[in-house]
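Work through the exercises below with the structure in view. Each task is followed by a solution in steps.

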Amino acid sequence: MNYSYKGKILISTPDISGDIFSRSVVLVIEHSESGAFGLILNKKNRTMSDRFKSFFDFPVEVYDGGPVENDKVFFIIKGKKITEQFTDITPEFYLTEDIESVINAVLQNEINIQDVKIFSGYSGWSSSQLDQEIQRKVWTVVDVYNLDYTLPNDQTLWKSIMQNLGGEFLLWANAPEDISLN
C-alpha cells in the first residue's frame, strides 16, 4: 500500500452487476495495510428505516453502509460529540456505533436527527483489495470538499459527482441504470 484513501470518496464505475455497489458513493473511513472500511452514502434501506421508527416518533432513514455485517449499526454525526466512543472523520463529522447514546441524545434534544445519518452494515476490503479494485478502475477516487455526510442522499449524489468530474464520467452519469440497455 503506497497511499491511504482515508477521508476520500469512492465513486463506483457503472457495470451490469446490479449489486449494492452499483452507482454507489462510498466514504472511506479507515484505510491501512490491513484493509479498508467505508460506508455507502447514497443507498437507502427501507426495511431498517421501518425498524428505526419504533425508536422515534418520526420517520428515520437508514442507509445500507455496505454488504458486511448488516446487523451492525453505524452513525455519522455532525457537530457535538455525545459519546466517548467515536472516530473522527473530519473536524465537523464523526462516526460511532454507540446506539444507546445516539438515541438518548436525539430524544433529549441534545442533537438534531438531521445531524445524524444511520447505516446498516459497512463496506470492507481486505489487505490491498481496495488498491487492486482502484487499479482495475472499479472505483474512481474523488476528493469532495464540503460534502455534508448527514444529508439524505440517493442516486442523484452519484450522478452529480460523475457530472462534475466531466469527460468520460459525464457519459457514465447520463447512461441508463441498466447499461446493457444502452
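**Exercise 1.** Which class of accessibility does Lys 81 fall into?

Solution. The model is predicted, so local features need pLDDT of at least 70 and side-chain atom pairs count only at pLDDT 80 or more, while totals for chains, interfaces and linings use all residues. Residues are numbered from 1 along each chain as its sequence is written, and side-chain values use heavy atoms, with hydrogens and water left out. Buried means under 20% relative accessible area, exposed over 50%, and partly exposed in between (1.4 Å probe, protein chains only). Lys 81 has 35% relative accessibility, so Lys 81 counts as partly exposed.

**Exercise 2.** Find the salt-bridge partner of Lys 81 and classify that partner.

Solution. A salt bridge is a side-chain nitrogen of Lys or Arg within 4 Å of a carboxyl oxygen of Asp or Glu. Lys 81 meets Asp 88 at 3.2 Å, N to O. Asp 88, at 41%, is partly exposed.

**Exercise 3.** Describe the salt bridge between Asp 143 and Lys 8.

Solution. The closest N and O atoms are 2.5 Å apart. Asp 143 lies in the loop between strand S9 (139-142) and helix H4 (155-165), and Lys 8 in the segment before S1, so the pair ties together parts 135 residues apart in sequence. Helices (H or I, at least four residues) and strands (E, at least two) are DSSP runs, numbered from the N terminus. Lys 8 is buried at 14%; Asp 143 is partly exposed at 41%.
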